[in-house]
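Please look over the structure below before reading on. The notes that follow are grouped by topic.

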Amino acid sequence: MPEARLPGGMPPASRDLVGYGPNPPDPQWPGGARVALSIVVNVEEGAEFGIGSGDGRNEANPETGIVTQGAPDPCTEGHFDYGARVGLWRVLDQFDAFGVKATFSACGRAVAVTPQLAAAPAARGHEVSAHGWRWEAHAGMEEAVERLVIARTVATLAEHGGARPVGWHTKGAPSGNTRRLLMEEGGFLYDSDCYDDDLPRIAAGPAGPHVILPYAFDTNDMRFRTGQGFAFAEDFARYCIAAFDRLMKEGGRMMSVGLHLRTIGRPGRIAGLEQLLAHVAAAGDGVWVARRMDIARHWLKRFG
């Protein structure tokens with residue numbers, strides 16, 4: 001009887017499931033902080049798929065859960081529009097109230113149609129980083145198209161944000177070329193296409209070391225979407241505070257909090273951000289709240 005074969009193969013050698021293991025490096029965050037906290041605001045308003053925007057389809061994950069096919073979807077457009085019209089200012093004012101500087105991860109098309117989405121955060125001292133041209137995954141994207149997407153996004157954010165972006169984060173899955181293309185472009189300090197750690201790491205690039213900053217989907221207001229766990233503002237705050245307190249106890253960690261203008265910017269949810277920022281403020285010098293480019297620069301200086 002022939003030997004049975006196991007189904008499938010093995011994960012590729014390039015996939016690192018070990019990481020730092022039980023002995024992570026000491027990041028020596030500024031001021032002796034135990035945790036570096038990165039708050040990321042995803043700016044996607046106007047970059048979502050829409051027939052009305054000249055795309056071949058409408059957004060596949062609308063707020064209502066009902067996908068409109070074959071015609072423009074003003075309902076979904078309105079949900080995204082709220083983030084640009086109202087949520088932006090509510091979130092910016094909340095950051096000002098606590099003296100917090102964040103990273104606004106912006107889609108190029110969103111900024112091209114509404115320049116204030118980059119100009120307003122930049123004017124208040126926040127970082128404007130790149131989140132692709134449209135709000136889409138890059139998996140399977142042709143290399144020539146992806147190279148153009150990166151270049152157009154950089155140019156648009158530089159024009160309206162006052163400085164070229166030095167960070168990148170792809171919605172969902174990047175392509176097999178994304179990180180290489182970012183390194184070859186030459187102006188990126190870091191990317192956030194990573195979800196596997198609580199600390200950054202460095203990759204070797206053609207123009208020098210490239211920092212990989214982890215991101216997170218659990219400490220993220222995306223979980224207000226129906227069925228994903230958050231219903232009230234307090235749900236978001238409680239979960240993020242629990243993660244923050246655990247990392248503060250462990251020390252030597254980085255934490256990412258993900259926000260969306262159209263989500264946390266709603267009046268019934270903004271209190272969750274307020275509660276989190278108040279809790280973080282009470283930690284005093286124990287936490288370094290920093291823009292992602294500042295964390296990347298620190299890591300490069302320390303380990304590059």
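Helices here are DSSP runs of type H or I with at least four residues, numbered from the N terminus. The model is a predicted one.

**Helix α5 and what follows**

- T178, L181, L182 and M183 are buried in α5.
- The buried residues of this helix pack against α4, β4 (167-168), β5, β6 (201-205) and β7 (208-212).

**Salt bridges**

- Side chains of opposite charge can pair when their charged atoms come close.
- How many salt bridges are there by this rule? The count comes to 18.
- R147 and E184 form one of them, with their closest N and O atoms 3.5 Å apart.
- That pair links distant parts of the chain: R147 sits in helix α4 (residues 143-161), E184 in helix α5 (residues 178-185), and 37 residues separate them.
- R147 is partly exposed, at 41% relative accessible area.
- E184 is also partly exposed, at 39% relative accessibility.
- D191 and R179 form a salt bridge too, and their closest N and O atoms are 2.7 Å apart.
- D191 belongs to strand β5 (residues 190-191) and R179 to helix α5, so this bridge ties together parts that are 12 residues apart in sequence.
- Is D191 buried or exposed? D191 is buried, because its relative accessible area is 0%, under the 20% cut-off.
- E250 and R253 meet through their side chains in a salt bridge of 3.2 Å, N to O.
- E250 counts as partly exposed at 41% relative accessibility, whereas R253 counts as buried at 19%.
- One network, built from salt bridges that share partners, joins E44, E45, E63 and R262.

**E44, a buried glutamate**

- E44 lies in the loop between β1 (35-43) and α1 (74-98).
- Why does E44 count as buried? Its relative accessible area is 1%, and buried means under 20%.
- The side chains of E44 and H131 are joined by a polar contact of 3.0 Å.
- Leaving out residues up to four places away in sequence, E44 touches F80, C107, A110, H131, W135, H260 and R262.
- R262 in that list is also a member of the salt-bridge network that includes E44.

**Helices α1 and α8**

- Two packed helices are described by the angle between their axes and the distance between the axes.
- The axes of α1 and helix α8 (residues 270-282) come within 10 Å.
- They cross at roughly 20 degrees, so α1 and α8 are roughly parallel to each other; angles under 35 degrees count as such.
- Which hand does the crossing of α1 and α8 have? The crossing is right-handed.
- From α1, the residues R90, V91, Q94, F95 and F98 take part in the contact.
- From α8, they meet I270, L273, E274, L277, A278 and A281.
- An α-helix has 3.6 residues a turn, so residues three or four places apart point the same way.

**L199, a buried loop residue**

- L199 is placed in the loop between β5 and β6.
- L199 counts as buried, with 1% relative accessibility.
- Beyond residues up to four places away in sequence, L199 touches Y20, P24, P25, P27, W29, P214, G252, R253, M254 and W299.
- L199 and M255 are 56 residues apart along the chain, and 8.3 Å separates their C-alpha atoms.

- Most residues other than glycine have a negative phi, and most peptide bonds are trans.
- Q28 has a positive phi, near 50 degrees, and is a residue other than glycine.
- Q28 lies in the segment before β1.
- Q28 counts as partly exposed, at 48% relative accessibility.
- V86 lies in helix α1 and is partly exposed, with a relative accessible area of 29%.
- V86 and P25 are 61 residues apart in sequence. Their C-alpha atoms are 42 Å apart in space.

Technical notes
Residues numbered from 1 in each chain as written. Predicted model: local features only at pLDDT ≥ 70, side-chain atom pairs only at ≥ 80, totals over all residues. Heavy atoms only, no water. Helix = DSSP H or I, 4+ residues; strand = E, 2+ residues; numbered from the N terminus. Buried < 20%, exposed > 50% of the residue type's maximum accessible area, 1.4 Å probe, protein only. Polar contact = N/O pair within 3.5 Å; in protein donor to acceptor, adjacent residues only side chain to side chain. Contact = heavy atoms within 4.5 Å. Salt bridge = Lys/Arg side-chain N within 4 Å of Asp/Glu carboxyl O. Axes fitted to C-alpha atoms, helices over the stretch in contact; angles between N-to-C directions. Parallel < 35°, antiparallel > 145°, perpendicular 65-115°, else oblique. Left-handed = near helix turned anticlockwise from the far one by under 90°.
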